[in-house]
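Q: Please take a close look at the aromatic rings in this structure. How are they paired, and where do they sit?

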Amino acid sequence: MEHQTPREILNQFYTDNNFGEDGGQSSSSVKIEITPKFSFYFPNFDARRKAVIKHDIHHLLTGYQTSLSGESEISAWEIASGCKSYWAAFFIDTSGTMLGIPISFIGTLKAFARGRKTKNLYHDVISTEQAMDMKISELRQHLHLDQHPIDTKPSLTDFILFSLFAFYGVLFSIASLLLLPFIVVYSAYVAIKDR
């Protein structure tokens, strides 16, 4: 995999994770699987589509899985390494990080610490098209992931900053509860429509 490019790997990644042919880019809704029998849906929108291809490449580069704990870890990593102008990524990653605190606190904290020492594709130093054709090893090196493994040990500063972010995340999560009725209705609509 190190000598392959995201363009060569992503289709298999999408197949292996049941994300659809294009990773859900063309889908009108996004599925969040809570359990194999229970999922939420929310509308797919352009700001998310702009971020998700970079997010998917990040999965290939970081080694974080697409499980609930893996998504929480990559969310914390993206938050700490900077979402820049990708506001959809920031809000989705905030939710993912907060979900990770009760599910995988240590893993989420380690991912946050790793993110503080590395970069990501949201900085737009490398365009998506360029990233698609670079070798995984080159991208890891460019983002300093080759120097900071997945089990990066958090420092006291990492813990303090993570705690401050978690405080913001609690406020964000409380405010997000206002969207819950909409998400439930939309999820029911998508489930009925897709039957």
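A: Rings of Phe, Tyr and Trp (for Trp, its six-membered ring) pair if their centres lie within 6.5 Å; planes under 30 degrees apart count as stacked, over 60 as edge-to-face and the rest as tilted. A pair of aromatic rings is thus described by the distance of the centres and the angle of the planes. This is a predicted model, in which local features need pLDDT of at least 70 and side-chain atom pairs count only at pLDDT 80 or more, while totals for chains, interfaces and linings use all residues. Residues are numbered from 1 along each chain as its sequence is written, and side-chain values use heavy atoms, with hydrogens and water left out.

The structure holds 15 aromatic pairs. In one of them, Phe90 and Phe91, the ring centres are 5.8 Å apart and the planes stand at 65°, so this pair is edge-to-face. Phe90 is partly exposed, at 29% relative accessibility, and Phe91 is also partly exposed, at 37%. Here buried means under 20% relative accessible area, exposed means over 50%, and partly exposed is in between (1.4 Å probe, protein chains only). Phe90 and Phe91 belong to one aromatic cluster, together with Phe45, Trp87, Phe165, Tyr168 and Phe172.

Another pair is Phe112 and Phe162, with centres 5.3 Å apart and planes at 65°, so it is edge-to-face. Phe112 lies in helix α5 (residues 105–117) and Phe162 in helix α8, so the pair ties together parts that are 50 residues apart in sequence. Helices (H or I, at least four residues) and strands (E, at least two) are DSSP runs, numbered from the N terminus. Phe112 is buried at 5% relative accessibility, and Phe162 is buried at 2%.

Helix α8 covers residues 156–176 and also holds Asp158. Asp158 is buried, with a relative accessible area of 0%. Leaving aside neighbours within four places in sequence, Asp158 is in contact (heavy atoms within 4.5 Å) with Leu109, Phe112, Ala113, Arg116, Lys117 and Lys153. Phe112 is therefore a partner of Phe162 in the ring pair and one of the contacts of Asp158.

As for the setting, the protein chain has nine helices and two strands. Buried residues make up 42% of its 195 residues. Among contacts between residues at least 6 apart in sequence, 72% join residues at least 24 apart.
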